[in-house]
Amino acid sequence: MNKINCNIVKDILPLYIDNVISDDTKELVEEHLLNCDECKKELSLLKSNLKRTEVVITEKDDIAFLKKIGLDIRKKRVLTGILSAVISAIVVILSFAYLTAPEYLPYTESFDVITAYENNGSVTLSFTGEYELNQRKQGVYEISLYNTILNKLFDTPQKHIITVNPNGEEVNTIYYVSNGGLEDKVIYGQNPVHNGGVLTLPRLFLNYYIVVATLFAFILTVFLLLFRKKTKIKITITTILFIPLSYIVSHIMITGLNATSYSATRDFYLILLLAIPFYFIFYILYKKKVIND
Ligand SMILES: [Zn+2]
């Protein structure tokens, strides 16, 4: 009878350890344990085994936990590295933009920097310094000279002799465009405007672009609020939202709040160039935040 009791008790012991038996059964088991060394041994064996598994489980969890922390730290370190590279890129682009920003030279009565002359059907311009030459329309050209801080620093103005019509195109008029509110000056040929002068106005298209970017950012923000509870969509919208935001920030960095520019095309390319590292900055800071969460 005692033997049977032992087998029953041994079957119950795991439940006894987990404390999932009724008080009556518990009492019976404890009573038996008082008088049976074999079952007592079995109990202590079971208990020590249980401890060992517990220890193993905790260690495994610790390793996984440490691995995850290690991975996060490494990820963060890589992100920080990229971040500093991107910030350096921004500094380089902004320095370049500042040092090479055109300061247009206004045409005055004593302006003898530029000469235009005809030579065997081709028209030649001779001048010193940086320039912009455009064809305004058929037979009408315009040129501007400008200085940059970089040129002033190194004082190396380049002498240019350029042919306006290399393929023998018709040249009726060449304007010197002073920009900054001064009238354009005819430096070659006839003034096609008989009563009064021509004024080149600053170009406005950057204004439209900034309005479009702001609108785009606004719409995305509305979507972000609508989907704020759906993590995946939220992350996607946020990464798209960084595109117009980067453009807006770059625009302000390049042209200031005034989008009216005589060198709008140059400004536009600089804004695009600068928007790329700014996008990376927004994206990396966001990624870091997501990792922290
Ligand atoms: Zn027993």
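Contact here means heavy atoms within 4.5 Å. The model is predicted, so local features need pLDDT of at least 70 and side-chain atom pairs count only at pLDDT 80 or more, while totals for chains, interfaces and linings use all residues. Residues are numbered from 1 along each chain as its sequence is written, and side-chain values use heavy atoms, with hydrogens and water left out.

The protein has 7 helices and 8 strands, taken as DSSP runs numbered from the N terminus (helices H or I, at least four residues; strands E, at least two). Its C-alpha trace spans about 130 × 40 × 30 Å along the principal axes. Buried residues make up 32% of the 293 (buried is under 20% relative accessible area, exposed over 50%, partly exposed in between, with a 1.4 Å probe and protein chains only).

Helix α5 covers residues 205-226. At 1.5 Å a residue its 22 residues should span 32 Å, which agrees with the 32 Å between its end C-alpha atoms; the expected span is 1.5 Å times one less than the number of residues.

Buried in α5 are Phe205, Leu206, Ile210, Ala213, Ala217, Leu220 and Leu224. Viewed down the helix axis, these buried residues fall within an arc of 135 degrees, so they line one face of α5; the arc is that of the directions from the axis to the C-beta atoms. They pack against α6 (231-255) and α7 (264-292). On the face turned away from the buried side are exposed residues, including Tyr208, Phe218 and Leu226.
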